[in-house]
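Me: Could we go through the packing in this model? I would like to start with the ground rules and then look at individual contacts.

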Amino acid sequence: MAGRSRILAVLGPTNTGKTHLAIERMLARQSGMIGFPLRLLARENYDRVVRAKGASQVALITGEEKIVPPRARYFLCTIEAMPLERAVDFLAIDEVQLAADLERGHVFTDRLLHARGQEETMFLGSDIIRPLLRRLVPDAEVTSRPRLSQLSYAGHRKLSRLPPRSAVVTFSATEVYEMAELLRRQRGGAAVVLGALSPRTRNAQVELFENGDVDYMVATDAIGMGLNLGVDHVAFAKLVKFDGISPRRLQPTELAQIAGRAGRYMNDGSFGTTGSAPGLDEELVQAIEEHSFEPLTALQWRNRALDFRSPQALLRSLERRPDRPELIRVRPPEDQAALAALVRDEQVKERAQERDRVRLLWEVCQVPDFRKTLSEQHVRLLKTLFGHLTEGEGHLPEDWVSRQIANLDKTEGDIDALVTRIAHGRTWTFITHRGAWFDDSDHWQERARALEDKLSDALHARLTQRFVDKRTATLVRRLRDGGRLLGAVQTGGDVVVEGQHVGVLRGFTFHLDPTVGQQDRRPVLAAGRRALWEAIPGRLRSLEQDEDDAFAVSRDGRLSWRDEVIARLRRGDGVLAPRVEVLHSEFLDGRARERVRLRLDAWLRRRLRDRLGPLFALREAALESPERGLAFQLSEALGLLSRRSVANALKVLDKPARARLRALGVVFGMESLYLRKIGNPDAQAMKALLWSLWHQGEPLAETPKLGALVRQPEPPEAGLWAALGYVVVKGADRSLAIRADRLEALARDARKLSAAGPFVASQALCRVIRGGPEDALVALPAIGYWAVEEEGAVTFHRRPRRGAKRRATQAQARGKPASGKPATGKARPARKARSDSPFAVLRDLKFGA
């Protein structure tokens, strides 16, 4: 493309409208081509031209993507992928000052020297290339364009003090992630832009920022290459970068290129430093603000007249030095380094003997390693590619290609794993666009593109999940604005603020959404609290006016309103008077808490009387002494006393007093005194709660399981079981808790049976306590019966009331049972009275009626 044409260089700082001008000039021609430094920029401007001219007239050509309609007239390309063999009326090179770049500069230099449009050629870039451009392209018309907006220095700021719409710039993936984590904690998140991201992932991250989902971006210097972002402020977190050889301080022109991303079009922008980066000196600030820098003194160059007679000849031609002082031979780029590595392989040298094979080897070496490491693994891949392409029909085996792509088709793993996988995937996207290497290149291009898209979407999701909390970002913006937050408490208690779910209001306690990370708690809590203050007064009025059915008490002493716990019971002034303690809530002051307590206390008193009415009736009955004292003891014991414990009180209790107590539901049993009609499950649960609060100071961990008989009762406290209406009896190896009414029934039946002498524990007798013979062996001795094994059978004998222990000891000394019967089990013969006994006279006494 060496024809004579107008050559125009449009130079100036960022945000001067240079790219816009080039596209307008291209579209005014019948055909055109623009080379961009980034695939992302090529794609962005391709979409722009498609909107203007239609997809059928526009082509996109990059190393990894080709969209070339049959009648395409306008070509948007990356600088390396420009089809220079195609004649076009207009041709432009963007960011031409990158000809001085150590890695890719030689490509820009080549286009500067040799790429031309038939009617017009345009070079776009910075003023620093002006002197070299005049010498290298003397026919070029050079014009300058001023920046459309002002760029000013804002000094050093803490990361937490950066204004919205800021881009934080650092130079390693680790540093980018660290800064993004900090911004997530403090500002709700940040978009992330790295050179290692695929264009699809980078676009998705940029869209987060452009759409306002986040107000911050953390990026490497990748944002300096023409990305059109709505950035108002650029903050450098680092001023040193690793350039592939060693760490070095950023050049003033590099700082200016990146800082110039702030303030697009007519909007002014600012730049500064943050984090550990020091402030910039005045001279450097002035140079950036005025875009006044030392001009370039040389451009990178590589010989384009390559010798393909042999691999060694190709290497020698690549190492040729330029013949002009303005040009410097480029440090061996990746493709040249790969060639040098491959020609040392004997198999490669053997196959690369002909010119076509050497040319093919060079094409293989240009397959990029997007990880930028030129690892041994990448060299092995290139060798394998060359080997396959020099066999058979010169195509890559489909089964081998399929396996390579399938090995990358995994979306699990962390961010770094996905970035590495995408880098490999982009390499295969590039390979599949070498059409001559495949039988069906379209199929493999589609498959590689689908893989890259899939991995890119997964990476975007992972980045967003880790570094962006849309909810927090939204709330942080509204909190910062200081306006009223629009919040509501939904029917289920869900708290929604500005359309974002922030938590749940349980009663009067706000519970943060569990999906909120530790780093985001503070802003989300602040938003939830501010919105809830307006909802709490109405909620308090609803509680006071609600029906009793809206309240409940659990078996562990928690009081709830509308199924939400708002208080708990504590030990009060008496066993039947527990204290209500309202749970802490930041939304309830002292007065509001007392309103809640009074409403709950009134409901609780009614609930206790409903569940334990007979106890309150007994306690409050108008009784005389001494039955009043007995009634008080029985109510304090929650309805059950052993007869022995109140024996003295019973001795002085006359029949009328007993009758009054019976009328109140008191049962005078042989073993116990107990109150009827408080044995239903609700009453039992309430009594267990009251007993544990009064005696232990806290609710039971678990309410005991009840029945007529409970074996090995847990917990073993006899006082608790008495409160529940049970008598605990202990045997040699086991314990039983027997319901008081069942034990009384057992005592009555046993007494009837014992009137006829010793008896056995029949099935009918055991059913009285809902147990078996082994349970009778524990229960009957507890109520005054001895068990005696006689001729293989166990019989029960009624224990004498007085002197039983003494007689038992004497009987054992004589080898007889304590019942007074002989060891054989036969009735003991009656003993005759001695005639000289002073009591013998009593034998002859007669008593009248």
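Me: What should I know about the model first?
Reply: This is a predicted model, in which local features need pLDDT of at least 70, side-chain atom pairs count only at pLDDT 80 or more, and totals for chains, interfaces and linings use all residues. Residues are numbered from 1 along each chain as its sequence is written, and side-chain values use heavy atoms, with hydrogens and water left out.

Me: How many residues does the largest nonpolar core have?
Reply: The largest nonpolar core has 70 residues. A nonpolar core here is a set of buried Ala, Val, Leu, Ile, Met, Phe, Trp, Tyr and Cys residues joined through side-chain atoms within 4.5 Å; buried means under 20% relative accessible area, exposed over 50%, and partly exposed in between, with a 1.4 Å probe and protein chains only. Phe-123, Met-217, Ile-223, Ile-288 and Leu-299 have the most contacts inside this core.

Me: What is Phe-123 in contact with?
Reply: Leaving aside neighbours within four places in sequence, the contacts of Phe-123 (heavy atoms within 4.5 Å) include Ile-7, Leu-11, Ile-93, Arg-111 and Val-137. A second, separate core of 69 residues includes Val-582, Leu-623, Leu-675 and Leu-720.

Me: Changing topic: at what angle do α10 and α13 cross?
Reply: The axes of helix α10 (residues 334–342) and helix α13 (residues 376–389) cross at roughly 70° and come within 10 Å. That makes α10 roughly perpendicular to α13, a label for angles of 65 to 115 degrees. Axes are lines fitted to C-alpha atoms, for helices over the stretch in contact, with angles from 0 to 180 degrees between N-to-C directions. Helices (H or I, at least four residues) and strands (E, at least two) are DSSP runs, numbered from the N terminus.

Me: Which residues make the contact?
Reply: Glu-334, Ala-338, Ala-341 and Leu-342 of α10 meet His-378, Val-379, Leu-382 and Lys-383 of α13.

Me: And is Gln-377 exposed or partly exposed?
Reply: Gln-377, found in helix α13, counts as partly exposed because its relative accessibility is 43%.

Me: How many aromatic pairs are there?
Reply: The count comes to 7 aromatic pairs. Rings of Phe, Tyr and Trp (its six-membered ring) pair if their centres lie within 6.5 Å; planes under 30 degrees apart count as stacked, over 60 as edge-to-face and the rest as tilted. Trp-400 and Trp-428 are edge-to-face, because their ring centres are 5.4 Å apart and their planes are at 65°. Both Trp-400 and Trp-428 are buried.

Definitions and conventions
Parallel < 35°, antiparallel > 145°, perpendicular 65-115°, else oblique.
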